[in-house]
Every structure is written in C-alpha cells, then in structure tokens.
Amino acid sequence: MTDHASPAPTSSSSSSAAGVAVPDTKLAAAATELVRDTTSELIYHHSRRVFWFGSLQGARRGLSFDPELLYIGAMFHDLGLGERFRDSGRRFEVDSADEARSFLHGHGVPEDSVRRVWTAIALHTTPGIPEFMEPEVALVTAGVEYDVLGIGYDDLTAEDRAEITALHPRPDFKRRILEAFTEGIAPKPETTFGNVKADVLEHFVPGYTRGDFVEVIQNSPWAE
C-alpha cells in the first residue's frame, strides 16, 4: 500500500476508465469478489463508481492517497444495507465499516490502514467532517457525494463521466438507490436519528416520525 499523488495508472483491462485503474492486488481482487457475491448489481456498480469518482477528485485536489484503501472503502461502504444486517440495531454505515474491518483483519492489513477504511465508511453520510480527515476518508465521501448527490458534478469532465458510466452504468439510479436505502434502514428507523437517512424514511415510509433533537433535550430526565 503506497501513497500516490495521482490516480493509479491506466491499463487496457475492463477495470480501467478515465485514467484510473482498480489496484491490481490480491486484496482488491478479493474485495471485488466478496462484494459481487454479497450485494446487488446496483450496489456493486455504485460502489465501483465511488472509487473512480473519489480517485479523480483526489487527483483534482492534489491529495496523496492509497488507491487500495480507497478501493476497499468504496467497495464496502454500502454493504450494511443488505438484508442480513437489518436487525443489527446499528447504523448501516457501522455495519458496513465492521464488515470491511473484518475483511482487512483477515488479510493481515496493518491496524492504521484498517482504522482509515473503517472511518471512511462510517462517516460517509456525515457531511462536513470527512473532508478534513485523511485523504482516503475524505475521498470515499467525495465519491459517494459525486455519484449520489451530484456534488462537484462539473469538477470532472463529461468524457471522464462517460467512460466511468459506460463501465458501470447507472440506469434509473436515483429511484433505485433511494429504494435500496429505504429497504436497508426502514427495519431500524431509530438509527436515522440525527443523520441524513431520516429524510429517506420521511419520504418513503408511511407513518414514520423523525426524531427531534430539541425534544430529546427538553424531555430528558434532567429537571433543568
């Protein structure tokens, strides 16, 4: 795992687009296989795009980042939306991060690298913080924000976007990703308190009432 000031070099393989290639390592290959086997096509393609968009934003910002760690963070970031995590009682981001941590520990990855990946995944829906942390943490969020929210859309060229989406298409993506979010978090609505996923349930789950931070304070057991 070596830091790079720019994205990984391009190659002629199907894992290359817009001047960025998926790291050609056993760890990256194992992550790809695991995610393909355990998630939907929607999440797989989205996660791969997050790696490309995060890498390109990293190059644009002049950040020195480890492409392998960024790839693992991108690939695992939505794993916790899967059906087997729906009774965990934890935020899906934490379930995703824990899965990545177990995977990395199983491959003997150093603890500091594990910590960076865990943090990148756990914070990827917490805006305003990751951008000030390690590059891998910042760039997982940047890739997610680019693909899901369109933040910084014009930072990248139309040609780069076309190459990436040709490799990993996004048909009907807005509706499908919102559906995936809803299915993943509706069984544990308490985990949306204080985070952006409350918006999803408010839109798509009849009868859902979002938690109110002010009311929690006012109704706490303290007298004053």
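**Salt bridges and burial**

At 1% relative accessibility, lysine 188 counts as buried. This is a predicted model, where local features need pLDDT of at least 70, side-chain atom pairs count only at pLDDT 80 or more, and totals for chains, interfaces and linings use all residues. Residues are numbered from 1 along each chain as its sequence is written, and side-chain values use heavy atoms, with hydrogens and water left out.

Me: Why is lysine 188 called buried?
Reply: Buried means under 20% relative accessible area, exposed over 50%, partly exposed in between (1.4 Å probe, protein chains only). Lysine 188 has 1%, so it counts as buried.

Me: What makes aspartate 95 and lysine 188 a salt bridge?
Reply: The term requires a side-chain nitrogen of Lys or Arg within 4 Å of a carboxyl oxygen of Asp or Glu. Here N to O is 2.9 Å, so the pair qualifies. The pair links distant parts of the chain, 93 residues apart. Aspartate 95 lies in helix 4 (residues 92–106). Lysine 188 sits in the loop between helix 8 (173–185) and helix 9 (197–204). Helices here are DSSP runs (H or I, at least four residues), numbered from the N terminus.

Me: What separates arginine 116 from aspartate 112 in helix 5?
Reply: About one helical turn, because they are four residues apart. Their closest N and O atoms are 3.5 Å apart, in a salt bridge.

Notes:
Helix = DSSP H or I, 4+ residues; strand = E, 2+ residues; numbered from the N terminus.
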